[in-house]
Amino acid sequence: LPLREWWVGHMMAMTARRVFALTERRMVICYARPGGSGCSFAVDTLGTAGTRSPSDAPTEVDAATPPIAGDPRFLPTLPWGENRLFETSARIVRVEAERLDPDRFV
């Protein structure tokens, strides 16, 4: 691996991306990356998106609490499914994706 790739994460390596909602609890991300381009789907099964409010923020910083994961000012993480890669060996430069209905996208 080139020196740069050992620290580049999944999101940082994306050269293009499109994130959109199918419903208020179903999200899709389609992306282009040098190591493989595709789409991933997330479902907020617990209904937790948007339940936290800034008024829930801690008044003191606790050194033992992770700075983002435990902060109620941020939305909780979503359980993203497996990546479905595009079947091509060509380099993908641009990604376009649109919602068709609550269950489908192109």
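Modeller: Here is a short chat about the terms used for this chain and the values behind them.

Modeller: Keep in mind that this is a predicted model, where local features need pLDDT of at least 70, side-chain atom pairs count only at pLDDT 80 or more, and totals for chains, interfaces and linings use all residues. Residues are numbered from 1 along each chain as its sequence is written, and side-chain values use heavy atoms, with hydrogens and water left out.

Biologist: What makes up the order of elements in the protein chain?

Modeller: From the N terminus on, it runs β-β-β-β-β-β, with 6 strands and 0 helices. Both are DSSP runs numbered from the N terminus: strands are E with at least two residues, helices H or I with at least four.

Biologist: How do you know that Cys30 and Cys39 form a disulfide?

Modeller: The term asks for a pair of cysteine sulfur atoms within 2.5 Å. The sulfur atoms of Cys30 and Cys39 are 2.1 Å apart, so the pair qualifies. The structure holds 1 disulfide, and this link is right-handed, with 105 degrees about the S-S bond.

Biologist: Why is Cys30 called buried?

Modeller: Buried means under 20% relative accessible area, exposed means over 50%, and partly exposed is in between (1.4 Å probe, protein chains only). Cys30 has 2% relative accessibility, so it counts as buried. Cys39 is at 11%, so it is buried too. Buried residues make up 23% of the 106 residues in the protein chain.

Biologist: And is Phe41 buried, exposed or partly exposed, and why?

Modeller: Phe41 has a relative accessible area of 32%, so it is partly exposed. Phe41 lies in strand 3, residues 38–43. From C-alpha to C-alpha, Phe41 and Cys30 are 8.8 Å apart in space, and 11 residues apart in sequence.

Biologist: What is Phe41 in contact with, leaving aside its neighbours within four places in sequence?

Modeller: Contact means heavy atoms within 4.5 Å. The partners of Phe41 on that basis include Leu22, Val28, Pro79 and Trp80.

Biologist: What makes up the largest nonpolar core?

Modeller: A nonpolar core is a set of buried Ala, Val, Leu, Ile, Met, Phe, Trp, Tyr and Cys residues joined through side-chain atoms within 4.5 Å. The largest has 10 residues in all, among them Phe20, Cys30, Cys39 and Ala97. Strand 1 (16–21) and strand 2 (26–32) each supply at least two residues of this core, and strand 2 gives the most, with 3 residues. Ala97 touches Arg18, Phe20, Cys30 and Val106, not counting residues up to four places away in sequence.
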